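Here's a quick briefing to read alongside the model. Keep the viewer open and follow along.

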Amino acid sequence: MEQNKNTILEIHDLSISFRMYDSRFEQTELKVISDLYLSVSPGEIVAVAGASGSGKSLLASAVLGLLPANASLSGHIHYKGQELTPELQKNLRGGGIALVPQSVEFLDPLMKVRSQTGGRDKAKTAERTRVFKRLGLPDDTENLYPFELSGGMARRVLVSTAMLSSAELIIADEPTPGMSLEQSLQALTMFRELAREGRAIILITHDIDLAFEFADRVAVFYAGTTVETAPASDFKQGPRALRHPYSKALWEALPQNSFRPIPGSQPYPGDLPKGCLFAPRCPMRTAECMEHVPPVRQIRGGEVRCFYGS
Amino acid sequence: MKRLNRRTRLLILTAVTAAALICMYVLGLAIPDEAVEGSFLEAGEPPSFEHIFGTDSLGRDLFTRTIKGLSLSITVGLVASAVSAVIAILVGLAAATGIKGIDGFINWLIDLTMGVPHTILIILISFALGRGFTGLLAGIAATHWCSLARLIRGEVLQLRSQQYVAISRKLGKSNRWILAHHLLPHLVPQLLVGLVLMFPHAILHEASISFLGFGLPPEQPAIGIILSESMRYLSAGMWWPAVLPGAALVLLVLLVDKLGDELKMILDPYSAQE
Amino acid sequence: MALEAKNVSFRYGSNKTWVLENKSLSLERGECLVILAPSGYGKTTLAMLLAGYLKPERGEILLDGRPLPMSGVCPVQLIFQHPEKALNPRWRMRRVLEESGAIQEDMMDEFGIERAWLDRFPRELSGGEMQRFCIARALMSGAEFIICDEISTMLDTISQAQIWELVLREAAKRDIGILAITHNRFLAGRIADRIIDLSADRG
């Protein structure tokens, strides 16, 4: 686990279960996040990468306290060294933490873009004009209603809301799909600038190549747990610099690399394997992996949840 | 003790409500009309063990009258809301066919019907059809379909724009097949909730119209009639003919309303798993 | 001369700007043509036109020289970007497949679908697993052409590689023409026989 005392957000052993109906009247616990860890410091961009259903998006809801009522949570989330309580979450939602949501439906359909990005205040307007320009949004965007925006524009407006806020932690949930490569790069450059101002940024994405191009560190999620966190440079170097067999497989499957997938798919939360969650698909698995959950180990400036990672 | 989950609670609530409704309905039918005939010797008695709701000014047992009244209310409520629901689904589906003229006309009709206060409209329709049971039923059925029809129209329009419906069409499925397999299964639960929530409304309207003297004739043992009669004696200190049957009516309405709300929560994906 | 778009123009509403103007392209059976473009280039509209979901305002879509049939099972099937929207959330996966024809046991292995998945609802599957069902559904309908609109954009790299391995293998086996739309240059290079780069022709 990160030893840095200045972290903005630190998550240890986080598990989240949902009570679901399994037959007509019986409910069972469905464990969707198990023993997850993550930390982010001021000035840092941490990318969270993983398949759909790996718990990426749930992470944002958990941090902001927006989980539905049938979810139960265990483990620790610390915000600037303070245990995150529902009260604190409520305060932070108003300012300390900004979310760039995944869906465009988060914009108020009845309000013009201007009112949703600071209003008519002079200083805000100047700031907005600057941010919009950087994001490649046309000048008259502020006069439009959300339904008049194209998918890519709406996404950029969402990104701009976080940029215009004074939040110290920004969680961006898939901010780039629908943007062209240049637009994504531009938006991500803006995130980098925000990081330079001392904000901490969590970038949730399935686009692993964008993740390691732009983040300082990459956390790889699989089936609701963190399998590896590594400096982004390790991902650029390739599989030999990586620690976990799943991260290596993700790298290998990129079209610019071998484009060869490993077989199988991520387990369903209803029947998770007993030991290591990746074991059933792992080329290196042993009897131990099938029986026990491996501990998190520190290796070469990263962390890995594997008995054999090196 | 483990807290009961929402579906189990709903099951119990449904059973209790259904049992209460069936009991009242059957009792109401089983009680012969003679049982309601009173004796002047017992006129205006407050509640006692013999007459738990007391008796009215003609010496009739108020509990028996209330049961008979509620039984009648249940009939009116059930029939009127069922008819209303059928109108709602037909109108809602027609509006959502995508033909501009029909949709415009139906929306106008809905706005018109909703624009006139229900009570006045029911009185008018009920009067036009010669008052009595049929007139009242027609009046209530003709006024309660609007919001449900609007809901169904919205749901169907939203469903029709779903990708999986468009794909189904490209897989060669006919409109009828799509209606039966994709749309209706989605609408049935909505319709059920609409029906259950309409029921207490219909009952209250029946009672209020009869209370005002525009609905069921005075010889019918309706709750509205009992309440209306009771008003004359209220100033004389006879509180029980107003309070007790009134409370029974409110209890019935609240029970069904609660059932509708619980059903709604189950169907709402956000609270469905609780 | 198989699937053809001839001088096709389209806009949403007669006073709006053209989304597509005078576009032509053609695609043979057994070929994989990739259209490379970022968002905002009307590629989803083009996909919808080619699969008969929309009618062009000008120009025509031809299949073997004849207009695309607008009713019945369409020989051009479209696979969407978000599989969770393309599946009825109230249906179990078995029913999803049956909508397109009888399930044959050997097909399950070809499509990499596990038997246990058939009894699940879409929300109980991952994106890659759902997308397999969408592909299986399209191919089981007897499609001669499939249009893949960013079908792996929302997936992780392993699922993406698995999905394309599946699509290319099954399409080759059935001599199906593929039109793939993507913004990923590397992916295009991996799967295409031919690439049309739309971002290039607008500057």
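Predicted model: local features only at pLDDT ≥ 70, side-chain atom pairs only at ≥ 80, totals over all residues.

Chain C touches both of its partners here: 24 of its residues are in contact with 30 residues of chain A, and 22 of its residues are in contact with 16 residues of chain B. Over all chains, a search of the whole structure turns up 34 salt bridges.

**Chain C against chain A**

- About 2,200 Å² is buried between chain C and chain A, and carbon and sulfur atoms give 59% of that area.
- Nine residue pairs are in polar contact between chain C and chain A, counting pairs with both residues at pLDDT 80 or more.
- Three elements of chain C give two or more residues to the side that touches chain A: α4, α5 and α6 (185–191). The largest share, seven residues, comes from α5(C).
- By residue type, that side of chain C splits into ten nonpolar, eight polar and six charged.

**Chain C against chain B**

- Here the buried area is about 1,700 Å², with 56% of it from carbon and sulfur atoms.
- Y53(C), R90(C) and E99(C) are the trio to click on, as they supply 33% of the area that chain C buries against chain B, more than any other three residues.
- How many salt bridges are there between chain C and chain B? The count is zero.
- Polar contacts do turn up, with eight residue pairs between chain C and chain B (both at pLDDT 80 or more).
- The side of chain C that touches chain B divides into ten nonpolar, seven polar and five charged residues.

**Helix packing inside chain C**

- Look at α4(C), residues 127–140, next to α5(C), residues 157–174: their axes come within 10 Å and cross at roughly 10 degrees. Angles under 35 degrees count as roughly parallel, so α4(C) is roughly parallel to α5(C).
- On the α4(C) side, the contact is made by G128(C), Q131(C), R132(C), I135(C) and L139(C). They meet S159(C), Q162(C), I163(C), L166(C), V167(C), E170(C) and R174(C) in α5(C).
- The residues of this contact come to five nonpolar, four polar and three charged.
- Both helices also belong to the elements of chain C that give two or more residues to the side touching chain A.

- What does the secondary structure of chain B come to? Ten helices and zero strands.
- The C-alpha atoms of chain B fill a box of roughly 80 × 55 × 30 Å along the principal axes.
- Helix α2(B), residues 62–95, and helix α9(B), residues 223–234, have axes that come within 8 Å and cross at roughly 135 degrees. The two helices are therefore oblique to each other.
- In α2(B), the residues that meet α9(B) are L62(B), R65(B), T66(B), G69(B), L70(B) and S73(B). Their partners in α9(B) are I223(B), I225(B), I226(B) and E229(B).
- This contact divides into five nonpolar, three polar and two charged residues.

**A salt bridge within chain A**

- Side chains of opposite charge can pair when their charged atoms come close.
- E228(A) forms a salt bridge with R243(A), and the closest N and O atoms are 3.1 Å apart.
- Why is this pair worth a look? E228(A) lies in strand β10 (residues 225–231) of chain A, while R243(A) lies in the loop between α8 (232–237) and α9 (245–253) of chain A, so the pair ties together parts that are 15 residues apart in sequence.

Technical notes: Residues numbered from 1 in each chain as written. Chains lettered and ligands numbered in written order. Heavy atoms only, no water. Axes fitted to C-alpha atoms, helices over the stretch in contact; angles between N-to-C directions. Helix = DSSP H or I, 4+ residues; strand = E, 2+ residues; numbered from the N terminus. Parallel < 35°, antiparallel > 145°, perpendicular 65-115°, else oblique. Contact = heavy atoms within 4.5 Å. Nonpolar A, V, L, I, M, F, W, Y, C, P; charged D, E, K, R; others polar. Buried area = accessible area lost by both parts, 1.4 Å probe. Polar contact = N/O pair within 3.5 Å; in protein donor to acceptor, adjacent residues only side chain to side chain. Salt bridge = Lys/Arg side-chain N within 4 Å of Asp/Glu carboxyl O.
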